[in-house]
Amino acid sequence: LPCVFLGNGPSGICLSYLLSGYTPYFKKDSLHPHPILQRKLEETPNVSILDQDLEYLSEGLEGRSHSPVALLFDTLQRPDTDFGGTAESVLTWWHEADRAIPHLVLGRNAPGGAWHSIEGSMVTLSRGEWMGLPDLPLKDWLKQKRRGLRNNRATAQDIAQYYQHYVMKKGLQKNFRCGTVVTSVRKVSAETISNHSQKDLQENCDSLWNSNTKSMEVFQVDGFFKSVKGDKEPFSIYAENVVLATGTYDSPTWLGVKGENLSYVHHQLSALEEAVKNNSISIMSDPVLIVGAGLTAADAILFAHHCNIPVIHVFRRRVSDPGLIFNQLPKMMYPEYHKVHQMMKEQSAACVGPYECYVSLPEHHVLSFGKDKKCIFQDKNGYQKVYKVSMALVLTGSNPNLSFLPNNGIDLAMDSDQPVNPKRNPIDVDPFTYECTQEKGLYALGPLAGDNFVRFVQGGALAVASSLLKKANKNPP
């Protein structure tokens, strides 16, 4: 196959759309609010955006992403959205079937990836319209369902359903294989592949790629397919290009302290929801310990608060730390997170505040979890406190699982001595093709490449599609 993607979240869906022959052009008579970009777009209106020089088009753009191509594709689809505007996209989409590149999208869940693992009623951090994919605005889809956006935001369930609908509506389902687990991706020389596979590969490659198969290296992707009965059917696929789009939701971060593996210590918010559902904790229980000061921890606090469950909240930072996500969110748009931030400020253990059932311990960290459910914390001055809890939730972020790559993919990262981390140590990619600088033919998209918002992962897909079309000689001159 010319291309296999690992991961069927928004990055994989968007790239599948672009590789299925759907081609963006500058819409005739459109006016983009950025005058320099408008002038550039008018220079070659009959050339698809995929075939233009992405570096030239994105030069000088500014916004909330460090990726120039992410900013470009975002501003073409949502021209003035950061200023509260609702200007229409300046793109028009044409289906040019002869430019499609055969590909497979492998994912564990239904199309939508990790969005299917998130509590359905949770509201997205981003504005609803920023969660949409090309040429099918989310708000139009919600209108058909006779639903609106609450406070301009959508629920996780809406998003998961929209991504599944998008794949069906755009006719992409033939490219998707759900229920697959990839166990290994490695480069092999085409000569090592059995004659039978070699023949198939030769036929595929000759029709699409101007290369001599005998001398080239390809990727071998191994894994298994989970059938409805629960059987595991192994597979091996050979591909000239592999796109890593597996996101970052796989492995929750551990604190690495004593007792963290005890049964009452959990690393996912779903454990709290489950405990409430089966009545194993209630208003009369010992407090629930929540560790962390990100949005998942805030979601857990809101959920517990809603169920009247007492909470002890431990986090390392000062409440006024500018790096704290709450200090970066507009109060009007995120009233519920502002409320959590207020609780963190006003309800520390040192002073009794207006919120019952909640105690905040800023600038503290966990020393150990005891078998008797007593947890020991230490503050910045070295003083220790002990609290008895009913359950503990460590919600301090998550890391991607790249165990299917040689050396867990560490060699591909910006700092090749440290594990891949979306915020601190993403995979090192070329900013205009998203191809890994350390491994040609391997691409990385979304959080793995440092793009952490759905609205910005799509520019990476544009860059990959443009690069693959050039390789396949499917770009018009």
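Analyst: Below are some questions and answers on a sheet, the cysteines and a helix pair. This is a predicted model, where local features need pLDDT of at least 70, side-chain atom pairs count only at pLDDT 80 or more, and totals for chains, interfaces and linings use all residues. Residues are numbered from 1 along each chain as its sequence is written, and side-chain values use heavy atoms, leaving out hydrogens and water.

User: What is the strand order in the open sheet of three strands?
Analyst: Strands here are DSSP runs of E, at least two residues, numbered from the N terminus, and two of them pair if DSSP finds at least two bridges between them. S6 (180-189) and S8 (232-239) are the edge strands, each pairing on one side only. The pairing is antiparallel and the order is S6-S7-S8.

User: Which residue in S7 is the bridge partner of valine 182?
Analyst: S6 and S7 (residues 217-226) run antiparallel and are joined by nine bridges. In S7, valine 182 has as its partner glycine 223.

User: Is cysteine 3 buried or exposed?
Analyst: Buried means under 20% relative accessible area, exposed over 50%, and partly exposed in between, using a 1.4 Å probe and protein chains only. Cysteine 178 is partly exposed at 28%. Cysteine 3 has a relative accessible area of 0%, so it counts as buried.

User: At what angle do H9 and H10 pack?
Analyst: Helices are DSSP runs of H or I, at least four residues. Axes are lines fitted to C-alpha atoms over the stretch in contact, with angles from 0 to 180 degrees between N-to-C directions. For H9 (residues 295-306) and H10 (residues 335-346), the axes are 10 Å apart and the angle is about 85 degrees.
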